[in-house]
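Here are my notes on the model you sent over. Have it open while you read, as I go point by point.

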Amino acid sequence: APPLDRALREIDALRGAISRLMDRQYAERDAGYMKGLVAGIRDDFDPLQFDDFSRLGLTHVLAISGLHVAVVVFVLLKLAALLRLSRERGLDIAFAAMPMYMLATGASPSVVRACIMAMIALALARKHRLKDGLHLLAAAAVCMVAWNPLIVEDVSFQLSFAVTAGLLLYVPLVSKLLPVPWPWLRSALAVAITAQIASFPLSVYYFHGFHLLSLPANLALVPFISFVILPLGMAAVALGAVWAPLGTIPAALASYGNEATFAVVERMNALLALRTVWPDQHAAWVAAAYALIGATAAYARYRLRLRGE
């Protein structure tokens, strides 16, 4: 068999091994959820549970994306430093790991974008020429569209790039506008609000709905899932692969956290009066919505400059 076919078969076998390991670590409902969260394996995710997350605008936490890639790069660079490898060798190791991680987690548009951005950033960091995030985002878009021009029609591709561009462009602005004295809370609010605004036109266009508790749900659950449950899930897989009993403790802790997450999601979804339904919109409506967002941001920047901020 050609080397590429053999490599892809090995990747499929790895995904299968991760799936079986997680089946042993978690109860059935948890297993499907954790497979999606940690490894991008969606086959066993409960459709009703996915709908609950979708109505609250939480499905983005289940997509392997920039946060997952950042965690992997951070761990690899720290391990390289602990092994007393040079900075350049650590960057090379992280760079080489990205294509394998991308394939092992299913190569969805969001993870492909994040891995390409990480690889470009690592290559530029090695030469001390790292550019800002928008350059990396634009380069990732060019690479993905050159490889598959039809990917521009993919909903997850559009949402991934829209939200990432929104975060890069507007989080500093929104953070300045928020009258919140605590920097950590102001930063978290700015990220959540910006992500909601950036995804809103496309979400309404494709899914025809918006839950009024979406922002509180994202504020409450995304940090918890991203910084507690995801690392525990990754640790459970990594340790369980070495020796099965090692993975049981982080897996059990993740399961307790999942119970709380599912309870909050179900309670919020039970408030039917807070769901809004939107009619079909024309693509021009989406373009006008993004133009309005851009114009509002430009006016806000102008007002801040007048105030000397």
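This is a predicted model: local features need pLDDT of at least 70, side-chain atom pairs count only at pLDDT 80 or more; totals for chains, interfaces and linings use all residues.

What follows is a numbered list, starting with the whole chain and ending with single residues.

1. A word on the ground rules. Residues are numbered from 1 along each chain as its sequence is written, and side-chain values use heavy atoms, with hydrogens and water left out.

2. The overall make-up. The protein chain has 12 helices and 2 strands; both kinds of element are DSSP runs numbered from the N terminus, helices being H or I with at least four residues and strands E with at least two. Read from the N terminus, the order is α-α-α-α-α-α-α-α-α-β-α-α-β-α. The radius of gyration is 20 Å, close to the 19 Å from the globule rule for 309 residues, so the chain is as compact as a globular protein of that length. (That radius is taken over C-alpha atoms, and the rule is 2.2 Å times the number of residues to the power 0.38.)

3. Along the principal axes, the C-alpha atoms fill a box of roughly 55 × 50 × 45 Å. Of the 309 residues, 41% are buried; buried means under 20% relative accessible area, exposed over 50%, and partly exposed in between, with a 1.4 Å probe and protein chains only. Among contacts with a separation of 6 or more, 70% join residues 24 or more positions apart, where contact means heavy atoms within 4.5 Å.

4. H8 against H12. Helix H8 (residues 155-177) packs on helix H12 (residues 283-306) at about 30 degrees, with the axes 10 Å apart. That angle makes H8 roughly parallel to H12. The axes are lines fitted to C-alpha atoms, for helices over the stretch in contact, and angles run from 0 to 180 degrees between N-to-C directions. Under 35 degrees counts as roughly parallel, over 145 as roughly antiparallel, 65 to 115 as roughly perpendicular, and the rest as oblique. The crossing of H8 and H12 is left-handed, meaning that the near helix is turned anticlockwise from the far one by less than a right angle; clockwise would be right-handed.

5. What sits in that contact. H8 contributes Ala162, Leu169, Tyr170, Leu173, Lys176 and Leu177, while H12 brings Tyr290, Ile293, Gly294, Ala297, Ala300, Arg301 and Leu304. By class, the residues of this contact are 10 nonpolar, 1 polar and 2 charged. For the record, Ala, Val, Leu, Ile, Met, Phe, Trp, Tyr, Cys and Pro count as nonpolar, Asp, Glu, Lys and Arg as charged, and the others, Gly among them, as polar.

6. H9 against H10. Helix H9 (residues 183-207) and helix H10 (residues 214-242) pack at about 135 degrees, axes 10 Å apart, which makes H9 oblique to H10. The crossing here is right-handed. Ala188, Leu189, Ala192, Ile193 and Gln196 of H9 meet Ser214, Leu215, Asn218 and Leu219 of H10. That contact has 6 nonpolar, 3 polar and no charged residues.

7. Cys115 lies in helix H6 and counts as buried at 0% relative accessibility. Leaving aside neighbours within four places in sequence, Cys115 is in contact with Val69, Met98, Tyr101 and Met102. Ser110 is also in H6 (residues 109-126), and at 9% relative accessibility Ser110 is buried. Not counting residues up to four places away, Ser110 touches Ala63, Ile64, Ser65 and Ser160.

8. Leu103 in H5. Leu103 belongs to helix H5 (residues 87-104) and is partly exposed at 34% relative accessibility. Beyond four places in sequence, Leu103 touches Leu8, Ile11 and Arg15.

9. Two backbone spots to check. Most residues other than glycine have a negative phi. Ala107 has a positive phi of about 55 degrees although it is not a glycine; Ala107 is in the loop between H5 and H6. His208, not a glycine either, has a positive phi of about 60 degrees, and His208 is in the loop between H9 and strand E1 (209-211). Ala107 is partly exposed at 34%, and His208 is partly exposed at 27% relative accessibility.
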